[in-house]
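Work through the exercises below with the sequence and the 3D structure at hand. Each task is followed by a solution that goes step by step.

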Amino acid sequence: MAYYDVKKVGGLQGMGAMGGLIGAVVMSSSMENLRNNNVCYLFTPEKNMVVRVKNDILKELLAGHDDLIDEYNNLDRNLRNFENIIIPLLKRANALK
């Protein structure tokens, strides 16, 4: 499942509340950026658990596809955990249909 980064949104909302008008403007523009850059979550119904797909989780999902893991690791650390990177890698590994 792809959704915005809920952890960052919580921090931005706190900053917006504390910063008055300037904080609200910064939060608004940052929220728009977050909404345009969704991250991926893995939902396991039997455990009723949701985890964000990045680094170690993605490496588990891409097990046996060292080329895809290397491609992921070679990307900029701040950009590689977004939906537009992770979903294509999982599709190429046949982990998604």
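A residue counts as buried under 20% relative accessible area, as exposed over 50% and as partly exposed in between, with a 1.4 Å probe and protein chains only. The model is predicted, so local features need pLDDT of at least 70 and side-chain atom pairs count only at pLDDT 80 or more, while totals for chains, interfaces and linings use all residues. Residues are numbered from 1 along each chain as its sequence is written, and side-chain values use heavy atoms, leaving out hydrogens and water.

**Exercise 1.** Find the element that holds Tyr41, and decide whether Tyr41 is buried or exposed.

Solution. Helices (H or I, at least four residues) and strands (E, at least two) are DSSP runs, numbered from the N terminus. Tyr41 lies in strand E2, which covers residues 39–44. Its relative accessible area is 10%, so Tyr41 is buried. Across the protein, buried residues make up 24% of the 97 residues.

**Exercise 2.** Describe how helix H4 and helix H5 pack, and name the residues that meet.

Solution. Begin with the axes, which are lines fitted to C-alpha atoms, for helices over the stretch in contact, with angles running from 0 to 180 degrees between N-to-C directions. H4 (residues 66–73) and H5 (residues 83–92) pack at an angle of about 170 degrees, and their axes are 10 Å apart. H4 is therefore roughly antiparallel to H5, a label given to angles over 145 degrees, whereas those under 35 count as roughly parallel, 65 to 115 as roughly perpendicular and the rest as oblique. Next, take contact as heavy atoms within 4.5 Å: Leu68, Glu71 and Tyr72 in H4 meet Ile85, Leu89 and Arg92 in H5. These residues divide into four nonpolar, no polar and two charged, where Ala, Val, Leu, Ile, Met, Phe, Trp, Tyr, Cys and Pro count as nonpolar, Asp, Glu, Lys and Arg as charged, and the others, Gly among them, as polar.

**Exercise 3.** Locate Asn81, and work out what its side chain contacts.

Solution. Asn81 is found in the loop between H4 and H5. With a relative accessible area of 11%, Asn81 is buried. Its side chain makes a polar contact with the side chain of Tyr72 at 2.4 Å; such a contact is a pair of N or O atoms within 3.5 Å, and within protein one must be able to donate a hydrogen and the other to accept it, while residues adjacent in sequence count only if both atoms are side-chain atoms.
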